[in-house]
Amino acid sequence: MKSRSSQWYAGTDRNAYIHRAWMRRGVPSDAFDGRPHIAIANTASDLTPCNMHLNEVAEQVKHGIWEAGGVPHNLPVVSLGETNVRPTAMLWRNMAAMAAEELLRANPIDGVVLLGGCDKTIPALLMAAASVDLPAVVVPGGPMLTGTFRGALLGCGTDVWRLSEEVRAGTLTEGDFLRSESSMIRSKGHCNTMGTASTMGLLAEVLGMTLPGLAGTPAPDSRLLEGAHATGRLIVDMIAADRRPSAVMTRGSFLNAIVALAALGGSTNAVVHLLAIAGRLGVELSQDDFDRTGAGVPLLVDLQPAGRHLMDDLHRAGGLHAVLHQVRDLLDPEAITVTGRPLVDHLQDVTIHDPEVIRTKEHPLQEDAGIAVLYGDLAPDGAVIKPAAASPHLLKHRGPAVVFDSIEDLHTRLDDPGLDVTADSVLILRGCGPKGYPGMPEVSNLPLPPKLLAQGVRDMVRICDGRMSGTAYGTVVLHVAPEAAAGGPLAKVRTGDIIVLDVPNRRLDVELPPGELAAREPSEAMTQALARPPRGWQRLYVETVQQANTGADLDFLVGGSGAEVARESH
């Protein structure tokens, strides 16, 4: 079959001459004889600290591609660093996906290796690859090694939240807090907790999109480079077999990912990312699938933020395959991987090496650990909560609302000793959804009022139309839809209203007489604080972004345009 890249390079006319001549630069002539040209979509950036090592990974991918007879091309793509980008990296996930999609389609390539690590980079690359549907495979950048401070393990992200609350409570000095800073990030790699980066790296494999056994390999581990080399060889085989994302990421693959998400205790952010990827493929997937498929799955992995250990412990204990082996009976046996073989075929002869880190399904950490999807007066289109990271006694709760109209309002009033709040109060932060902030930031795990911290309170019910970091924990209701900025009822709640959370019955309601909430006007203070970007990407985003319950993609980016080669450039 004639390769896609030969539509640039084959022939003797002027245009073929131009395309070959400008790409030679030391490349032998037989590089243009029809062998596959492969992009390495590389999100390495000094400003994305979790991905700084991906240039080294890309070199190993190149070696594998050359060895298998392909021609590799490093292709830098938009890189999003979760810790640095303001107002939130999520604002640009769709832009990164769109830019990568257009570059893949516009260039003379036959397939692509996707290099990501930090939270939004793997989802964005998978969205792009799904919309182009050329043969594609992911190399996850891997987690960092475990840091320690004064003999105690530090989980990056999770312990930031925990230690900062102890400072606010007066039980940890600011000096000790700052001294822990240089100990937390011990090596290259992304967060070592079961945050969004770890979750999406592992779920990329469950979706079938990585070399089996590679996801979760720590970034400093030489086996990551070995796997990168093998992935370079694999993509050449995938192109020969015409094995595309649409053949790999089926509905069964996404349901497998939901099972794995529950067993791993993975990030709630996976909900919006999996929905968005499925939307690019035209795969039928809804928010309710996360509850239907994942609700009864046991939590097997004892990792922060839901447990004690960290990602290199998971790898040491047997890794992803040891977890999947325990829930194999729940997996779709026909869902394949980039090897062309079913995922379940790669789960033979798997052993748990440390049952303290990976539990058996007979002795789980929790019986039912999936994402719970709530509906009710405050969430007509749904909201999500992660029971594994919540306090069991708060999963059924009734209390008065304390409402904040913006993140600035929260920062101004939360520490006020005169704030009318008790441990039974329900903290509500609104105006933080896709349109409102903009970008749906990770602000939902609101810090607790200092006067309650001083009383020993370490968790409260919190409700927000934004997201929270996958490294965060607590009884937090997220992704409330419609968001307040899109006319959702959260915009009309007032301080003092009685909020009722009932996770077992999947309800989130406010106790008001019939019709009262609908008759209210949205909060003026909240409305004034909503984003109103005058131009550029932010304006395009606010005008076209969808709600969290469908993946928060832009309405005109849902679906794909394939890999059709466009008109000549000369």
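1. Let's start with helix 16. Seven of its eight residues are buried, so helix 16 is largely enclosed by the rest of the structure. The buried ones are G319, L320, H321, A322, V323, L324 and Q326. Their cover includes helix 9, helix 12 and helix 15. By "buried" I mean under 20% relative accessible area, with exposed being over 50% and partly exposed in between (1.4 Å probe, protein chains only). Helices (H or I, at least four residues) and strands (E, at least two) are DSSP runs, numbered from the N terminus.

2. Before going on, a word on what we're looking at. This is a predicted model, where local features need pLDDT of at least 70 and side-chain atom pairs count only at pLDDT 80 or more, while totals for chains, interfaces and linings use all residues. Residues are numbered from 1 along each chain as its sequence is written, and side-chain values use heavy atoms, with hydrogens and water left out.

3. Now helix 9, which spans residues 196–206. Here 11 of the 11 residues are buried, so helix 9 is largely enclosed by the rest of the structure. The buried residues of helix 9 pack against helix 5 (121–132), strand 4 (136–140), helix 12 (251–264), helix 13 (269–281), helix 15 (311–317) and helix 16 (319–326). Just after helix 9, G208 has a positive phi of about 100 degrees.

4. On to the nonpolar core, meaning a set of buried Ala, Val, Leu, Ile, Met, Phe, Trp, Tyr and Cys residues joined through side-chain atoms within 4.5 Å. The largest one has 117 residues, and the members that touch the most others are L126, L203, F254 and L274. Take L274: leaving aside neighbours within four places in sequence, it is in contact (heavy atoms within 4.5 Å) with M200, L203, L207, F254, A257, L285 and F290. Apart from this core lies another, of 29 residues, including A383, L395, I463 and V477. As a general point, nonpolar side chains tend to be buried together in soluble globular proteins.

5. What does the side chain of R280 make a polar contact with? R280 sits in helix 13 and is buried, at a relative accessible area of 2%. Its side chain makes a polar contact with the side chain of D553 at 2.7 Å, and the R280 side chain also reaches the backbone oxygen of L557 at 3.0 Å. A polar contact here is a pair of N or O atoms within 3.5 Å; within protein, one must be able to donate a hydrogen and the other to accept it, and residues adjacent in sequence count only if both atoms are side-chain atoms. Setting aside neighbours within four places in sequence, the contacts of R280 include A97, E101, M127, V558 and G560.

6. Cysteines next. With a disulfide taken as a pair of cysteine sulfur atoms within 2.5 Å, a search of the whole structure finds zero. The sulfur of C118 is 4.3 Å from the closest cysteine sulfur, in C50, which is too far for a bond. C156 is in no disulfide either, and the nearest cysteine sulfur, that of C191, is 3.4 Å away. C118 is buried, with a relative accessible area of 3%, and C156 is buried at 2%.

7. On a 1 Å grid over the protein atoms alone, a cavity is a set of points where a 1.4 Å probe fits but cannot get out, and a pocket is an open set with protein on both sides within 12 Å along at least five of seven lines; lining residues have an atom within 4 Å of a point. Grid points are joined across faces, edges and corners, and a volume is the space filled by probe spheres set on the points. The largest pocket has a volume of about 1,000 Å³. Of the 38 residues lining the largest pocket, E82, T83, N84, V160 and W161 are the closest to its centre. Helix 6 gives the largest share of that lining, three residues. The whole structure has one cavity of 30 Å³ or more, and the largest cavity has a volume of about 40 Å³. Helix 5 gives the most to the lining of the largest cavity, with three residues.
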